[in-house]
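Work through the exercises below with the sequence and the structure at hand. Each task is followed by a solution in steps.

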Amino acid sequence: MKKKENTSSNPRRDFIKASATALAGFYFVPRHVLGGPGFIAPSDRLRVAGIGVGGMGAGDVRGVFSSGKADFVALCDVDDLRAKSSVEAHPKAKFYKDYRIMLEKEHKSIDAVTISTPDHMHAVQAMAAMQLGKHVYVQKPLTHNIYEARMLTEAEKKYKVVTQMGNQGSSGDGVRQMVEWYNAGLIGEATRVYCWTDRPVWPQGIPWPTTPATPPANLDWDLWLGVAPYREYVDNLHPFNWRGWWDYGTGALGDMACHNMEAPFRVLNLNYPVAAECSVGSVYVGEFQRGYFPESCPPSSHITLRFKREGKEDLQFHWMDGGIQPSRPDELGPNEVMGDGGNGVIIEGTKGKMMCGTYGANPQLLPTSRTKEVSVPQTEYRVPGGASGHYNNWVEACIAGYGSKEFERLSSPFSVAGPLTESVLMGNLAIRSYDYREPRNDGSNRFNYPGRGIQLVWDGPNMKVINFEPANQFVKREYREGWSL
């Protein structure tokens, strides 16, 4: 392992000071502006820093590096052991534990940053890089809450940087085929959408562990917590099961909806929903005794979003997780697999239906025999390599610069990924409202749950639930002292 940086100084103070000095000293100008349209930097290789480089982060580092046009010059992870494979693969890269120190010291040496950390850290890390004029690749979901997603979407335009969310299916051929089918009128006007997943595949609907443990020597627990409230370390949270806890993760929706919902969002050109409602699976801890674990995401849920469309009927958009699936379409044979088995998408229209699996893969018209019988003109741009070309799609755009042709061909820039993520997290807003409770005033030590059995009415432009005020506390979170967006 490489020698670690000295963390004796105040990293947040030093980082803010360095950032302010850098921004005051010069204006970040996109490369294509400096050299004119189509300008390629003197070195056509992208200099990249990675934040979160173990697990999925190691895969992102490999994916970006495999483009053949990127070099990792700095790596950052709060866990030495998890970072080991990436560090060994890029021995010339400087290694840090605190991303703020890395950006302070390396910002003049890097062009772009990959961010593959737990959900609760995405926004602050991406914003810090964007404010320094760095292009960013951020794993899905883009952010932990709706407010953060809006801020990153606006930051892309403000700082004129190239952005991409890590939902590889958006670069696949499948979703583009579905767009062409829909635009050709093969299923008529869409009326209803179903998306589903077999996630979570980690514990949810459980109480917070009561037995504290000692953090392993390889992990900086305080840095891992970041913006989240301070807690004593517990086992079985890092590096994966954090997904089931609201302080850090966004549940099954956050994990899979950016993959599965992306296809119908693109096909139907959707934006913000106007309403959301949910039903949630329960865990019973005794006879007629429902467990109440508001810190944990539920074991299963069914979300219904409603979208307004100009001159058309409202669209019902159903999300199901925890193994819940919609009824099989009549057009699907009894031995044909619905979606890809555990995950899938069905778009119903006035003239027909179409279906795909995770990431928009294996798109099919229903009945499936229609898929081979129908041919429509190819009108959508195909990313070279399909889903596997998602990283290169971003690298090429970074090299070409903001506003370039390559930029316009990005599959999931924040201008697209931001509104998608907001809609995904609108489902979580309904789930968290479902668990909101107030004590009764009858001295019974019992509670009312006013967020259950209602529909949340959403003012998307203003990021506000207009008919149930308690829900708005989940639109934006309060960061731990010392952290800010």
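On a 1 Å grid over the protein atoms alone, a pocket is an open set of points with protein on both sides within 12 Å along at least five of seven lines, while a cavity is a set of points where a 1.4 Å probe fits but cannot get out; lining residues have an atom within 4 Å of a point. The model is predicted, so local features need pLDDT of at least 70 and side-chain atom pairs count only at pLDDT 80 or more, while totals for chains, interfaces and linings use all residues. Residues are numbered from 1 along each chain as its sequence is written, and side-chain values use heavy atoms, with hydrogens and water left out.

**Exercise 1. Describe the two domains and their contact.**

Step 1. The domain assignment, which is automatic or from a database, gives domain 1 (46–169) and domain 2 (172–383 + 413–474).
Step 2. Taken over C-alpha atoms, the centres of domain 1 and domain 2 are separated by 25 Å.
Step 3. Contact means heavy atoms within 4.5 Å. In domain 1, 37 residues are in contact with 45 residues of domain 2.

**Exercise 2. Locate the largest pocket and describe its lining.**

Step 1. The largest pocket holds about 690 Å³ of space; a volume is the space filled by probe spheres set on the points, which are joined across faces, edges and corners.
Step 2. Its lining has 38 residues, and Gly-54, Ser-116, Thr-117, Pro-118 and Trp-242 lie nearest the centre of the pocket.
Step 3. Helices (H or I, at least four residues) and strands (E, at least two) are DSSP runs numbered from the N terminus. Two or more lining residues of the largest pocket come from each of α3 (56–65), α6 (122–131), α9 (221–225) and α10 (251–260), and α10 gives the most, with 3 residues.
Step 4. Domain 1 and domain 2 each supply at least three residues to the lining of the largest pocket.
Step 5. Ala, Val, Leu, Ile, Met, Phe, Trp, Tyr, Cys and Pro count as nonpolar, Asp, Glu, Lys and Arg as charged, and the others, Gly among them, as polar. On this basis the lining of the largest pocket has 16 nonpolar, 12 polar and 10 charged residues.

**Exercise 3. Describe the cavities.**

Step 1. There are 3 cavities of 30 Å³ or more in the structure.
Step 2. The largest cavity has about 160 Å³ of space. Among its 16 lining residues, Gly-281, Ser-282, Gly-291, Pro-298 and Asp-435 lie nearest the centre.
Step 3. The lining of the largest cavity divides into 8 nonpolar, 5 polar and 3 charged residues.
Step 4. The second largest cavity has a volume of about 40 Å³, and its lining residues include Gln-204, Trp-246, Cys-297, Pro-298 and Asp-321.
Step 5. To the lining of the second largest cavity, α10 and α15 each supply at least two residues.

**Exercise 4. How do the axes of α7 and α15 cross?**

Step 1. Axes are lines fitted to C-alpha atoms, for helices over the stretch in contact, and angles run from 0 to 180 degrees between N-to-C directions.
Step 2. The axes of helix α7 (residues 146–159) and helix α15 (residues 414–434) come within 8 Å and cross at roughly 175°.
Step 3. That makes α7 roughly antiparallel to α15; angles under 35 degrees count as roughly parallel, over 145 as roughly antiparallel, 65 to 115 as roughly perpendicular and the rest as oblique.
Step 4. By class, the contact of α7 with α15 has 8 nonpolar, 4 polar and 4 charged residues.

**Exercise 5. Find the cis peptide bonds at Pro-141 and Pro-367.**

Step 1. Lys-140 and Pro-141 are joined by a cis peptide bond with omega about -15°; Pro-141 is in the loop between β5 (135–139) and α7.
Step 2. Leu-366 and Pro-367 are joined by a cis peptide bond with omega about -5°; Pro-367 is in the loop between β15 (364–366) and α12 (369–373).
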